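My entries follow in the order I made them.

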Amino acid sequence: MKIGDRDATPSGEEVWWLPSAGISGPSPSSRPWRPGRLKVVAAVATAVAVIGGLTATVSLAAAPAPASAAAKTATAKTTIAKTTTAKTSSVSSKGTTTTKPPATATAAGGRTCAVIYEIESEWPSNGHRAFQGDIQIVNLTPRTLTSWTLGWTFPNDQVVYQHWGTDLDQHGQKIVATSEPNEGYLGPNGGRFHLGFLANVTSTNALPTSFTFNGATCPLVDDKLVPVKPAPPTVKPAVSCQAIYEIETSWPTSTGRAFLGDVQLVNTSAQPLTTWSFGWTFGGNQSVYQSWGADFRQKGQRITADSEPNEGYVGAKGGRFHLGFLANYTGANAVPTGFTVNGTPCTLIKG
């Protein structure tokens, strides 16, 4: 195709290549023009339109060169940066972004924790006392805790024999309770976690005073988080007692003999008894196989009869409590010795 030639577009429009920008060629007047047709001139930057017999030359702007790949990438990065900045500004203005407190955050006054310790119940058991303890850990930080360690020291000879809620270990008087995997959730700002245990004690059952939580010292508080000052241990009044032992009847068996025994605990002290552990020692091979009035346990020749919960009241100054049993034996059936109540010796008397 050269200057002055005619061509046609796919739609039928005529295209003339005309001189422009100093390019010489045939004049448009040497070509047959039809009114109303647009003639597109591809010579650099001009076009000739013939409409209604009038001819007009139009200057055309060159199309911009396609952007390079590097330029496109730079533009995209700039757009992403602007979008990210806009989103960040929006979130900040709404106040929805929250910064977590540092790991060392503490509650007002510097306390991170508190402990509530309660003795739920207590009863005689095998010549000593047993009790159920309940502990609440109070998280005073603004953070949720999921794994932790609670420690305390018993002031007396308490020995834990059953526990729940944590993995609990005892070394001497020291206790370490560690949260179980996925079961130690402790909410922030006053969230509480319960754990419990059963323990034996033979002396005073005073409250622990030294608690630590994840290494931090925790005060002992009541349910309203008011600090508790442990009361001095109370001295229990001295127990004085007597015992009456009777063989009600006996009969032969296929292996020896059996008998019905009746025992009375006589409280001669100035205070009533509500829980107690009554014991004695058989002199032969007597073996108890049925009992009532108390929780009987036999170890060798020694019998321990513990009062049942809420059923062991013995009045002061001569109050009596009856308990009985059935037993087998061979040989002599001598009267037992070594009667005691709560560790205090009792005098054996006749009924």
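I looked up His163 and found that its bridge partner in S12 is Phe197. Strands here are DSSP runs of E with at least two residues, numbered from the N terminus. The model is predicted, so local features need pLDDT of at least 70 and side-chain atom pairs count only at pLDDT 80 or more, while totals for chains, interfaces and linings use all residues. Residues are numbered from 1 along each chain as its sequence is written, and side-chain values use heavy atoms, with hydrogens and water left out.

I then checked the neighbours of S12. Strand S9 (residues 159–164) is joined to S12 by five bridges, and the two run antiparallel. S7 and S12 also run antiparallel, with eleven bridges between them. Asp134 has Gly196 as its bridge partner in S12. Two strands are taken to pair if DSSP finds at least two bridges between them.

Is S12 mostly covered or mostly open? I found eight of its eleven residues buried, where buried means under 20% relative accessible area, exposed over 50% and partly exposed in between (1.4 Å probe, protein chains only).

Next I listed the largest nonpolar core, which has 25 residues. Such a core is a set of buried Ala, Val, Leu, Ile, Met, Phe, Trp, Tyr and Cys residues joined through side-chain atoms within 4.5 Å. Those with the most contacts inside it are Trp148, Leu150, Trp152, Leu195, Phe197 and Phe213. Elements giving two or more residues to this core include strand S6 (113–125), strand S8 (149–153) and strand S12 (191–201). S12 gives the most, with five residues.

Leaving out residues up to four places away in sequence, Leu150 touches, among others, Val115, Ile135, Ile175, Leu195 and Phe213; contact means heavy atoms within 4.5 Å. Apart from this core lies another, of 24 residues, among them Tyr245, Trp276, Phe282 and Phe325.

I moved on to Ser277, which lies in strand S17 (residues 277–281). Ser277 is buried, with a relative accessible area of 6%. The side chains of Ser277 and Asp306 are joined by a polar contact of 2.7 Å. A polar contact is a pair of N or O atoms within 3.5 Å; within protein, one must be able to donate a hydrogen and the other to accept it, and residues adjacent in sequence count only if both atoms are side-chain atoms.

Last, I noted the sheet around S17. It is an open sheet of five strands in the order S19-S20-S17-S22-S23, with antiparallel pairing. Strand S19 (295–299) and strand S23 (344–345) are the edge strands, each pairing on one side only. Three bridges join S17 to strand S22 (residues 337–341), and Thr281 stands opposite Thr337 in S22.

Methods. Helix = DSSP H or I, 4+ residues; strand = E, 2+ residues; numbered from the N terminus.
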